[in-house]
Amino acid sequence: MGGDYAPEAIIEGAIDSLGHLSSDERLVLIGDKDSILRKLDEMKADPAQVDIIHTTQVIEMGDVPSKAYSLKQDSSIAVGYRMLKNSEIDGFCSAGNTGAMLVGATYTVNVVPGVIRPALALVIPSIDNRHSVMLDVGLNPDCKPEVLLQYGILGTIFAEYVLEIKNPVVKLLNIGEEESKGTPSVRAAFELMKEEKQINFRGNVEANYLFRESMPDVIVCDGFVGNVIVKQTEAFHHIFKEKNFKDSYFDSLDFENIGGTPIVGINANVVIGHGVSRRKAIMNMILQTRAVVHADLAGKIKEAI
């Protein structure tokens, strides 16, 4: 139930998502029960449509993540991760404290054995109505070559089972297409990736090929570069809105239409939402979590790694 506009926006988005769920799927809301019931009553929504797990503590957005997660074990984030670990829920998502979500992912459900570093994976729309995945977009700002290689493998699994792309094309984000371009780490990653049989590696890709028909299915980069691209995209979308540009593709770049970023490489299905998520973004975060669960992303990664 976290986020800048919690609990109202969380509950509104949750109720909106119910129309997209099947009869055998159940939505669980974790947070202060009285606040949840009050908002459901205001929306004239039947509480029987959801399961409510009461919690008494809140990890605030400004809290120190590791300390707060340790001390606030009855917060929605800590309780959600325990439920996930105990298989009481199939997927977990939150727009709350990002650091606490990452702490919970690492220390409660743990990293898949063999995965060097988990990553945040972002689905990116292209102008020709395709979707690609870019990773990492903020979890690991400085990656060794072996980590970038593994991101190619993780991204391939994501593209195959979540985006349903057969034999997805993998490229390494760089400042040029030539093998000799880039930092020592990126050049070393190139050498490893071109020899890896688990991925369909097609070399480097420059940033001006993203979002276009030429965008590969999987874009591999470190978290520093990925996060810069994400924030730059958000800035351009903001400018488009300020200028009252009307275009369906530009609308697809709005983070509210994406929902959140899955953590790939951990033993469970987890999606982190933007802290400023409102009603629509929360609904899409829930539906994205559902897609990751249906794809059994965590299970597929365990099998591959």
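The following conversation walks through selected features of one predicted model.

Biologist: What kind of model is this, and which residues count for local features?

Modeller: The model is predicted; local features need pLDDT of at least 70, side-chain atom pairs count only at pLDDT 80 or more, and totals for chains, interfaces and linings use all residues. Residues are numbered from 1 along each chain as its sequence is written, and side-chain values use heavy atoms, with hydrogens and water left out.

Biologist: What is the strand order in the open sheet?

Modeller: The open sheet has eight strands in the order 3-10-9-4-5-8-6-7, with mixed pairing. Strands here are DSSP E runs of at least two residues, and helices are H or I runs of at least four, numbered from the N terminus. Two strands pair if DSSP finds at least two bridges between them.

Biologist: Which strands are at the edges?

Modeller: Strand 3 (91–94) and strand 7 are the edge strands, each pairing on one side only. On average, neighbouring strands of this sheet are turned by 30° against each other, direction ignored.

Biologist: Is strand 7 mostly covered or mostly open?

Modeller: Strand 7 (residues 200–205) is mostly covered, since five of its six residues are buried. Buried means under 20% relative accessible area, exposed means over 50%, and partly exposed lies in between (1.4 Å probe, protein chains only). Strand 7 runs parallel to strand 6 (residues 169–173), and four bridges join them. V170 stands opposite F201 in strand 7.

Biologist: How many bridges link strand 5 and strand 8?

Modeller: Strand 5 and strand 8 (residues 218–220) pair over three bridges, in the parallel sense. M134 has I219 in strand 8 as its bridge partner.

Biologist: Which strands does helix 4 lie across?

Modeller: Helix 4 (residues 76–85) lies across strand 3, strand 9 (260–264) and strand 10 (269–273), and runs at about 165° to strand 3. Axes are lines fitted to C-alpha atoms, for helices over the stretch in contact, and angles between N-to-C directions run from 0 to 180 degrees.

Biologist: Turning to helices, how do helix 1 and helix 11 pack?

Modeller: Helix 1 (residues 8–17) packs against helix 11 (residues 279–295) at an angle of about 55°, with their axes 7 Å apart. The two helices are therefore oblique to each other; angles under 35 degrees count as roughly parallel, over 145 as roughly antiparallel, 65 to 115 as roughly perpendicular and the rest as oblique.

Biologist: Which residues meet there?

Modeller: From helix 1, A9, I10, E12, G13, A14, D16 and S17 meet R279, I282, M283, I286 and L287 in helix 11. Contact means heavy atoms within 4.5 Å.

Biologist: What about I157: buried or exposed?

Modeller: I157 lies in helix 6 and counts as buried, at 5% relative accessibility. Apart from its neighbours within four places in sequence, I157 is in contact with V162, L297, K300, I301 and A304.

Biologist: Where is the cis peptide bond?

Modeller: The bond from L135 to D136 is cis, with omega near 10°. D136 is in the loop between strand 5 (131–135) and helix 6 (145–161).

Biologist: Which phi values are positive in residues other than glycine?

Modeller: Among them are N110, with phi near 70°, and D296, with phi near 50°. Most residues other than glycine have a negative phi, and most peptide bonds are trans. N110 is in the loop between helix 5 (98–109) and strand 4 (119–125), whereas D296 is in the loop between helix 11 and helix 12 (297–304). N110 counts as partly exposed at 33% relative accessibility, and D296 is partly exposed with a relative accessible area of 34%.
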